[in-house]
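Please consult the sequence and the coordinates alongside the text.

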Amino acid sequence: MKALFWRELKLSSQVGGGMLTGVLFFLTIVAVMPFAIGPDLKLLARIGPAVLWTGALLASLLGLDRLFQQEREDGSLDILLMQETPPALLVFVKAFAHWVANGLPLVLAVPIFGIILNMSPIGIGATMLTLAVGTPAITFIGAVGAAVTVSLPRGGLLLSILVLPLTVPILIFGVTAINGAVEDPAPFLPPFMILCALTLFFSALGSLAAGWVLKQSTD
Amino acid sequence: MSETIIKQNTSIWDYANPTRFLGIADRIIPWLGGATILCIGLGLYLGFSAPEDYQQGSTVLIMFIHVPASWVAMMSYSVMTMSAIGTLVWRHPLADISLRAAAPIGAAFTFLGLLTGALWGKPMWGTYWVWDARLTSFLVLLIIYLGIIALAKAIEEPTTAARSLAIITLVGSINIPIIKFSVDWWNTLHQPASVSRLAKPAMDAVFLYPLLTMAVGFSLFFFTVHLMKMRNEILKRRIRTMKMTAARQAERG
């Protein structure tokens, strides 16, 4: 499993510079927002967390269709699935590696974008924390979508349509937690805890469901 | 124990035979259709003869469409969830057909619920759309429906399509309560309850009876259309098989 994890990491950093593309996409979304909204720094500071979360959500959807597709095409997915390890574990490791390669850079890029958006240091820290906890859930939900659309030639768009509505709770609790950290009366911990719970829940559910679909689609 | 299992099996698999299902559907559909017309007719009559609400005036009539449509929209997803379990657990051949047939009907009712809600909201709240918890979660439900329909159209190979649809439907059904809960949370934080004050001063029988009649009528309508769509789908698949055999024979000959 460790070997698989490192292999995934290496592959996703090599192929098409996936890491960089995600962050660049994130940057463009964040940079385009002020053009649409206007250069009012106060307003930007207020909606900063929302912009960052939306951008991260869209950016983490970007590479999801490659999660299983390439390996299915060259046949290595079948070999992986034929081993004795349960497919759910396999999906879990693959999705986690995918998150480390594509989700973690987004989290690390937040301070720069936060400064552009005139956010306070506490706000930036809270955004990083919630994104670090919340984006894995997006990857795990996306794994189900990726497994379902793996056989489709252009499944990427369909995948986004399927996955986006299911990620609504994560977005809500992520942004609520940041607001809780920045504004005084609103609480930080309850939404943050729920966010953690959602990630844990979807890491189990998503892995199981995606593993099942992949197993079925091979025979 | 074993007896009951066998009994259950036979009762489930009785309907697995498409020909038998078609026979039963052919017999039931006219009755269901008739009952639908009766119920909706009666409901409309009762609704229109109901007095005007002292606050809402004649717009209260929209409720007789809006509320049943929303109920049926949710019922349709339950039917799809049960069908998904049927596909995954028993590999029941009709479960997939049932899921496919229910999705567009559910989407249509969800849309109808949103549309009538918007039309009702304009005179009542002064705006077509509020980011109210219920409206928002219904909008998400509509998007989920549309995603499922898009997926159903995208995958050509029938067995893969059946499993993928079932899994996505199940994941959706687990997620829908979470979405509902999170949207409620989001809504209470963002805006104080301006909408829910309007809701439910205990309903008078004059409004309750037509509402319930309409709800039964809408449900019957759902089942009628659902059965008809399932029948169509079975026939379509038969035509597809026949075409494929014909093509194969033509190739040989």
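In chain A, H7(A) and helix H8 (residues 155-163) pack at an angle of about 135°, with their axes 9 Å apart. H7(A) is therefore oblique to H8(A). The crossing of the two helices H7(A) and H8(A) is right-handed. From H7(A), the contact draws on A:Ile141, A:Gly142, A:Gly145 and A:Ala146, and from H8(A) on A:Leu159, A:Leu162 and A:Val163. By class, the residues of this contact of H7(A) with H8(A) are 5 nonpolar, 2 polar and no charged.

The terms are as follows. Axes are lines fitted to C-alpha atoms, for helices over the stretch in contact, and angles run from 0 to 180 degrees between N-to-C directions. A crossing is right-handed if the near helix is turned clockwise from the far one by less than a right angle, and left-handed if anticlockwise. Residues are in contact if their C-beta atoms, placed from the backbone, lie within 7 Å. Ala, Val, Leu, Ile, Met, Phe, Trp, Tyr, Cys and Pro count as nonpolar, Asp, Glu, Lys and Arg as charged, and the others, Gly among them, as polar.

The model is predicted: local features need pLDDT of at least 70, side-chain atom pairs count only at pLDDT 80 or more, and totals for chains, interfaces and linings use all residues. Residues are numbered from 1 along each chain as its sequence is written, while chains are lettered from A and ligands numbered from 1 in the order in which they are written.

Chain B has 7 helices and 0 strands, where helices (H or I, at least four residues) and strands (E, at least two) are DSSP runs numbered from the N terminus. Of its 253 residues, 33% are buried (20 or more other C-beta atoms within 10 Å; exposed means 12 or fewer, partly exposed in between).

The contact between the chains takes 24 residues from chain B and 21 residues from chain A. On the side of chain B that touches chain A, H6(B) gives the most, with 16 residues. That side divides into 17 nonpolar, 6 polar and 1 charged.

| Residue | Phi | C-beta neighbours inside 10 Å |
|---|---|---|
| A:Asn118 | about 60° | 16, partly exposed |
| B:Arg91 | near 50° | 13, partly exposed |

A:Asn118 is found in the loop between H6 (87-116) and H7 (121-148) of chain A, and B:Arg91 in the loop between H3 (63-90) and H4 (93-125) of chain B.

Note on methods: Two residues are in contact if their C-beta atoms, placed from the backbone, lie within 7 Å. Angles under 35 degrees count as roughly parallel, over 145 as roughly antiparallel, 65 to 115 as roughly perpendicular and the rest as oblique.
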